[in-house]
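Subject: Handover of a structure and findings

Dear colleague,

Please find below the structure that I am handing over to you. My notes on it come after.

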Amino acid sequence: MRSDYGPIHARATADLGRRLPTDHPLPAYQVSTPGPLRALISLDAPEIAFLEDPRDCPPEDRSDPWSFLCEQLDHWAGLGSTRQLRVARVLARLGFWQLLTEIVDHLDGDPSNLEVCRLAQVRDSAFLRIGVDPTGAATRIRESTTRLTDDETLPASTRIGAAINLLVGHARAASEIAAVDHWGRRATAMFEATDPAQLSAILRSAYWRGLSFVPFLHGDHGSTRDMLDAAEENAVTAVAASADPGQVEGIPAAENMHLLLETRGRAAWESGDIDAAERYYRALVAHDELDAKVHVRLADLLARTDRVAEARECYLRSAHLGAPHTLYARTQVARLASGSHDGTVRL
């Protein structure tokens with residue numbers, strides 16, 4: 001938790017670690033750590049021990065932020081909800097899902113309190129990642145997120161963000177289009193009633209990107225493209241603003257741009273605009289070239305358009321970069337080499 005080298009998701013983890021011992025707020029990163037990531041890293045690199053608890057790391061091998069995290073865990077019961085939430089968010093980013101389900105075993109305080117609500121959501125996200133009561137955990141997350149959208153005492157940014165999270169969550173289940181439409185209307189009503197100056201460029205970008213699922217699921221590729229244009233405009237604004245030394249949103253803005261380019265690539269592919277899809281996936285590779293996933297995205301497109309040699313190089317690059325896509329990338333290389341590749345790769 002001290003290096004600023006690597007893919008954006010790793011730099012985000014280091015950023016949270018550096019901020020944890022300070023009074024600086026923790027940015028609201030949008031990407032969750034995959035459940036098996038640390039285990040897959042250990043499979044790729046057996047010399048890296050798989051830890052069940054940060055305190056299993058020998059003291060002499062700990063960075064300063066890691067040592068602070070361990071100290072906070074030693075005093076977990078007395079931290080209070082504010083500090084517990086900060087620690088829990090770092091643990092979630094590091095993928096210590098099992099530990100989170102064990103330490104956040106009961107919550108003191110008013111469940112309508114924002115920090116208590118967020119802490120419960122981190123715990124239930126951990127249950128989802130390890131497959132314990134996934135239906136119950138998902139239901140609790142949706143219920144608590146709905147309460148956030150309904151609480152008019154909260155800032156508009158919190159409520160709009162919650163509505164978009166619900167929209168995207170329902171969009172991942174293609175059968176829940178009615179719920180997607182509902183949360184699209186709710187998010188739009190709040191967004192249009194809010195002074196844009198109250199919303200960050202990242203949130204405005206995330207709003208338009210999330211809202212684009214509504215026309216996308218209805219097959220309206222033109223409106224999807226228009227909404228993603230608005231999302232991209234705000235994503236570019238956020239990145240440009242983060243170049244100012246006085247701004248602290250550099251990594252969150254880069255993460256948001258990653259998500260925007262990935263979404264644009266998928267939307268373009270689904271609309272049949274293969275050239276645009278390739279353009280966005282190549283831009284994604286250029287934007288976050290140390291992320292194994294982005295090379296898989298481009299490789300899958302190349303494989304499905306019968307450019308075997310180029311696809312192979314992208315899969316090899318992904319495999320070289322490592323978890324969590326190592327096995328998939330190596331499998332695709334083998335299929336390409338054997339001639340058994342049938343084009344049914346994922347995008």
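Predicted model: local features only at pLDDT ≥ 70, side-chain atom pairs only at ≥ 80, totals over all residues.

Residues are numbered from 1 along each chain as its sequence is written, and side-chain values use heavy atoms, with hydrogens and water left out.

Helices α7 and α9

Helices here are DSSP runs of H or I with at least four residues, numbered from the N terminus. Helix α7 spans residues 134–150 and helix α9 residues 177–192; their axes come within 12 Å and cross at roughly 30°. Axes are lines fitted to C-alpha atoms over the stretch in contact, with angles from 0 to 180 degrees between N-to-C directions. The two helices α7 and α9 are therefore roughly parallel to each other (angles under 35 degrees count as such). Their crossing is left-handed, meaning that the near helix is turned anticlockwise from the far one by less than a right angle. In α7, Thr146, Thr149 and Asp150 meet Trp183, Arg186 and Met190 of α9 (contact means heavy atoms within 4.5 Å).

Thr149

Thr149, in helix α7, is buried, with a relative accessible area of 0% (buried means under 20%, with a 1.4 Å probe and protein chains only). Its side chain is joined to that of Asp150 by a polar contact of 3.5 Å. A polar contact is a pair of N or O atoms within 3.5 Å, one able to donate a hydrogen and the other to accept it; residues adjacent in sequence count only if both atoms are side-chain atoms. Leaving aside residues up to four places away in sequence, Thr149 touches Arg159, Ala162, Ala163, Leu166, Trp183, Arg186 and Met190.

Helix α10

Helix α10 (residues 201–211) is mostly covered, with 10 of its 11 residues buried. Among them are Ile202, Leu203, Tyr207 and Leu211, as well as Arg204 and Arg209. The buried residues of α10 pack against α8 (156–171), α9, α11 (213–217), α12 (221–242) and α13 (250–271).

Ser271

Ser271 is in helix α13 and is partly exposed, with a relative accessible area of 32% (the range between buried and exposed, the latter being over 50%). The side chain of Ser271 reaches the backbone oxygen of Ala268 at 2.8 Å. Ser271 and Gly219 are 52 residues apart along the chain, and their C-alpha atoms are separated by 8.4 Å.

Yours sincerely

Note on methods: Parallel < 35°, antiparallel > 145°, perpendicular 65-115°, else oblique.
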